[in-house]
Amino acid sequence: MTAFFAALLYLATAVVVGGLAYRTWDYARTPAPLKIPTTPAPVTRGGVALRLLREVALFESLFRSNLWTWAFGWIFHVGLALVLVRHLRYFIEPVWGWVAFLQPFGIYGGFMMAAGLAGLWARRLLVARVRYISTPSDHLMIALLLAVAGTGLAMKYVAHTDIVAVKAFTLGLLYFDWQPLPPDGLVYAHLALVALLMLIFPFSKLLHAPGIFFSPTRNQADDPRERRHLAPWAARLDP
Ligand code: HEM
């Protein structure tokens, strides 16, 4: 099992890193020929940076469009961020001070993830017009993320796993000095689900974070009179 999970996690890491790089490059080369910031929009580049920051940290435009989706979505993402920071302890030795400090908050993060996902799933099941446009993959993505959170929380609260051995395994992967994975069904389930998530992540709708930085409605300043907007391909045609 150790060899199987080591190989699976190496493969999943290669796919997620390569896939993310490819998708980001794909966003970057998508033409943005028009000046189309959603107004009211900032008129300076500094203002645009601030707008993007608010979008990334607070999901500002989602807040304006749908309060319930915003609330559950934001809770889920903040929970996920806390959980990922908490997981850093499995990959570094000695553990950095701020990672140690954030450990208890990571636990709240696990519950926030589950609560946010439950709300987002309820919305897809209970709101008729959202149910109508929901595809099986929309439901499966939520189910997969809930299963990752569920198996993680079960290791903490239902059947403790040997986290010292899990850490030896993950550090072994990093330093190519392989150590045995503890024989524990919940660890196997958690890691298999995480690997599945990593394998599909770059090609699924779950990859949307880089897109915000390349979205012309968000990343352009409202300055069409001050500066002429010229896409690189159009500039080549311009004598
Ligand atoms: C190779 C990667 C990973 C390893 C080795 C790993 C391992 C673990 C372990 C051992 C626990 C139990 C913690 C405890 O008992 O204190 C746990 C908990 C958890 N895991 Fe993971 N995990 C990984 C990736 C992920 C990812 C990518 C997510 C989310 C998308 C995730 C979500 C959770 C959650 C929500 C918990 C419960 C809350 C917590 O203890 O932080 N895990 N994980």
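**Ligand shell**

I sorted the residues of the shell around the ligand by class and got 16 nonpolar, 5 polar and 3 charged. For this sorting, Ala, Val, Leu, Ile, Met, Phe, Trp, Tyr, Cys and Pro count as nonpolar, Asp, Glu, Lys and Arg as charged, and the others, Gly among them, as polar.

The model is predicted, so I note that local features need pLDDT of at least 70 and side-chain atom pairs count only at pLDDT 80 or more, while totals for chains, interfaces and linings use all residues. Residues are numbered from 1 along each chain as its sequence is written, and side-chain values use heavy atoms, with hydrogens and water left out.

I found 24 residues around the ligand, the closest being R86, H87, R89, Y90 and H190. A residue is near a molecule if one of its heavy atoms lies within 4 Å of it.

- H87 has a polar side-chain atom 2.8 Å from a nitrogen atom of the ligand.
- H190 has a side-chain N or O atom 2.9 Å from a nitrogen atom of the ligand.
- R89 has a side-chain N or O atom 3.2 Å from an oxygen atom of the ligand.

Which elements give two or more residues to the shell? They are α4, α6, α8 (136-157), α9 (163-175) and α10 (185-200). The most comes from α8, with 6 residues. Helices are DSSP runs (H or I, at least four residues), numbered from the N terminus.

**Helices α4 and α6**

I then checked how α4 (residues 67-87) packs on α6 (residues 103-126): the angle is about 145 degrees and the axes are 7 Å apart. Axes are lines fitted to C-alpha atoms, for helices over the stretch in contact, and angles run from 0 to 180 degrees between N-to-C directions. The α4 and α6 crossing is left-handed, meaning that the near helix is turned anticlockwise from the far one by less than a right angle. The contact of α4 with α6 has 14 nonpolar, 9 polar and 2 charged residues.

**Salt bridges**

I list 9 salt bridges in the structure, each a side-chain nitrogen of Lys or Arg within 4 Å of a carboxyl oxygen of Asp or Glu. For accessibility, buried means under 20% relative accessible area, exposed over 50%, and partly exposed in between (1.4 Å probe, protein chains only).

K167 pairs with E93, the closest N and O atoms being 2.8 Å apart. K167 lies in α9 and E93 in the loop between α4 and α5 (97-101), so the pair ties together parts that are 74 residues apart in sequence. K167 is buried at 15%, whereas E93 is exposed at 54%.

R29 and D26 form a salt bridge at 2.7 Å. Both lie in α1 (residues 2-29), 3 residues apart, about one turn of the helix. R29 is partly exposed at 48%, and D26 is partly exposed at 24%.

R54 and E60 meet at 3.0 Å, N to O. R54 is partly exposed at 32%, but E60 is buried at 17%.

K35, D223 and R227 are linked in a network of salt bridges.

How values were computed:
Polar contact = N/O pair within 3.5 Å; in protein donor to acceptor, adjacent residues only side chain to side chain.
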